[in-house]
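Please consult the sequence and the structure shown here.

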Amino acid sequence: MYKMKKFFVIPFVLLLSSCSSDDNDTLPEPTCLITKFNKANIINGQQFYTSEYVYDGNLIIKKLDYNIVDNTPSGQTYPTYTLQLKATTEIQYNALKQPVKIIEGVDYNNMQNIDYLQYDNQGRLSEKNRVSTYLTDNTSSTKNFKYTYSSTNKIVLIAEKITNSWGDVYGENTKTLSYDTNGNLKEIEQINAGNSALKVVTKYDNYDTYKNPYANVNVPFEDIFFLRLSKNNHRKYSKTTYMNGYPTPPYETYEISGYEYNEHGYPKFAEYKCN
């Protein structure tokens, strides 16, 4: 009888162990991708998002920007508004699914910007050429960006210069980037090559501990380039121009008291698709 008890107990213990192991398995947290952002609240209570990303799977293939226009019907005593498409930006990819061309729509000045992107052998963005063409007379200028990385693959230096259609070079500057202990972008210090007395310092501060949705944007759009470099969300921002060490107006600054977050830990300043 003792041997029979021993025979039945061992499988039972193994079964319990197996069930316990399965119970401890956890599903990976979903990743949320921005679909609509740049929220605008209208006085009458309407709410709009004036920018939108269009995806093919997880790759952004278009960015749509909208104007808010008045569509109040005749005779209505209170105003109502709607969105009107302002610009469409298209993204092209190489065989490695890296974005290599960002084609912006023509603006109201008949100007078009196209970004050409290059990568190093580690798949990191190494260079960008932003070509701005004035379509009325086909003159253009090219703003060149070259990126230097730290040992932890953080961008720490950006060298910029502009070359016009006649080969003149101007606007040369370097941006030095620093990060906090959590890997969030803390400061950008810009020094102009032609005037070392002029310095522009941009600071990001008071980060939350939640997920930064811009870190999941796979395209280095010009308007959110620096937002993509942090894992959390800043709540304080300032940009100050210094001349010979003294701050000069205008000053740019804002501070956000806090965000509301969705069930996946992303701030509710945008709409998402999660997978």
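N110 lies in the loop between strand 5 (99-103) and strand 6 (111-119); strands are DSSP runs of E of at least two residues, numbered from the N terminus. The model is predicted, so local features need pLDDT of at least 70 and side-chain atom pairs count only at pLDDT 80 or more, while totals for chains, interfaces and linings use all residues. Residues are numbered from 1 along each chain as its sequence is written, and side-chain values use heavy atoms, with hydrogens and water left out.

**Backbone**
- Although N110 is not a glycine, its phi is positive, about 65°.
- N110 counts as partly exposed, at 30% relative accessibility (buried is under 20% relative accessible area, exposed over 50%, partly exposed in between, with a 1.4 Å probe and protein chains only).
- N38, in strand 1 (residues 32-41), also has a positive phi, near 60°.
- The peptide bond from P249 to P250 is cis, with omega near 5°.

**Aromatic pairs**
- There are 13 aromatic pairs, where rings of Phe, Tyr and Trp (its six-membered ring) pair if their centres lie within 6.5 Å, and planes under 30 degrees apart count as stacked, over 60 as edge-to-face and the rest as tilted.
- One of them, Y237 with Y254, is stacked, at 5.0 Å centre to centre and 15° between the planes.
- Y237 lies in strand 13 (residues 236-243) and Y254 in strand 14, so this pair ties together parts 17 residues apart in sequence.
- Y237 is buried at 13% relative accessibility, whereas Y254 is partly exposed at 38%.

Technical notes
Helices (H or I, at least four residues) and strands (E, at least two) are DSSP runs, numbered from the N terminus.
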